[in-house]
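Work through these exercises on charged side chains. Keep the sequence and the structure in view.

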Amino acid sequence: MSATTGRHAPETRHRILDAAEALFVEHGLEATSMRMITTQAGVNLAAVNYHFGSKDALIQEVFKRRLVELNRQRLAALDEVESRVASEGRTVKPSQVLEAFFGPALALASDTEHGGHTFMQLLGRTYTDPNAFVRQFLAEEYAETLSRFLSALYASLPGVPRDEILWRFHFMMGATSYAVSYT
């Protein structure tokens with residue numbers, strides 16, 4: 001049975017994603033070649049093409065495999081805070097909104113066993129190593145989550161101009177990404 005079909009397909013796919021993620025952190029998206037990825041993963045180019053089709057699709061999948069769960073955890077944390085606070089007849093504090101957003105990311109950054117730390121380094125690198133394709137992709141992936149968190153922040157800070165909240169939030173995202181990407 002080949003490495004790209006049957007029972008080995010999920011293992012091969014994960015090896016490719018893990019290798020790509022680590023190499024993207026080390027060398028950057030542009031400088032990481034498909035040859036480097038296939039060598040690190042112990043697969044041939046056909047396996048990468050079979051599972052992903054292109055380098056751009058591979059890059060997207062490297063981000064998606066962790067962002068989808070990260071955003072799910074963030075939204076679940078916000079739902080829990082909003083539900084608990086509403087049942088107590090209080091309003092959500094800005095610190096609670098920020099904890100729901102940044103808490104799961106910090107937990108992921110501390111995960112050295114399952115690749116969370118490596119992923120957060122890669123995410124941080126996207127702030128310091130601009131790539132228009134990745135920035136557009138990340139903006140689309142984050143759109144719903146960011147909209148929800150910004151709405152919660154706007155509601156928790158009614159006297160603060162929305163533009164100011166937006167810029168402060170983006171600054172916090174960048175600072176957090178920078179901090180975890182170099183640890």
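A helix here is a DSSP run of H or I with at least four residues, and helices are numbered from the N terminus. The model is predicted.

**Exercise 1.** Find where glutamate 69 and arginine 72 lie, and how they pair.

*Solution.* 
- Start with location. Both residues, glutamate 69 and arginine 72, lie in helix 4.
- Count along the chain. They are three residues apart, about one turn of the helix.
- Now apply the cut-off: a side-chain nitrogen of Lys or Arg within 4 Å of a carboxyl oxygen of Asp or Glu.
- The closest N and O atoms of glutamate 69 and arginine 72 are 2.7 Å apart, a salt bridge.

**Exercise 2.** Classify glutamate 69 and arginine 72 as buried, partly exposed or exposed.

*Solution.* 
- Take the limits: buried is under 20% relative accessible area, exposed is over 50%.
- Glutamate 69 has 33%, so it is partly exposed.
- Arginine 72 has 47%, so arginine 72 is partly exposed too.

**Exercise 3.** Which parts of the chain does the pair of arginine 65 and aspartate 18 link?

*Solution.* 
- Check the contact. Arginine 65 and aspartate 18 form a salt bridge, with the closest N and O atoms 2.7 Å apart.
- Arginine 65 is in helix 4 (residues 55-87), and aspartate 18 is in helix 1 (residues 9-27).
- Conclude. The pair links distant parts of the chain, 47 residues apart.

**Exercise 4.** How many salt bridges does the rule give?

*Solution.* 
- The count comes to 11 salt bridges.
- One of them joins arginine 90 and glutamate 88, at 2.3 Å from N to O.
- Shared partners join Asp18, Glu21, Arg65 and Arg66 into one network.

Methods
Residues are numbered from 1 along each chain as its sequence is written. This is a predicted model: local features need pLDDT of at least 70, side-chain atom pairs count only at pLDDT 80 or more; totals for chains, interfaces and linings use all residues. Side-chain values use heavy atoms; hydrogens and water are left out. Helices (H or I, at least four residues) and strands (E, at least two) are DSSP runs, numbered from the N terminus. Buried means under 20% relative accessible area, exposed over 50%, partly exposed in between (1.4 Å probe, protein chains only).
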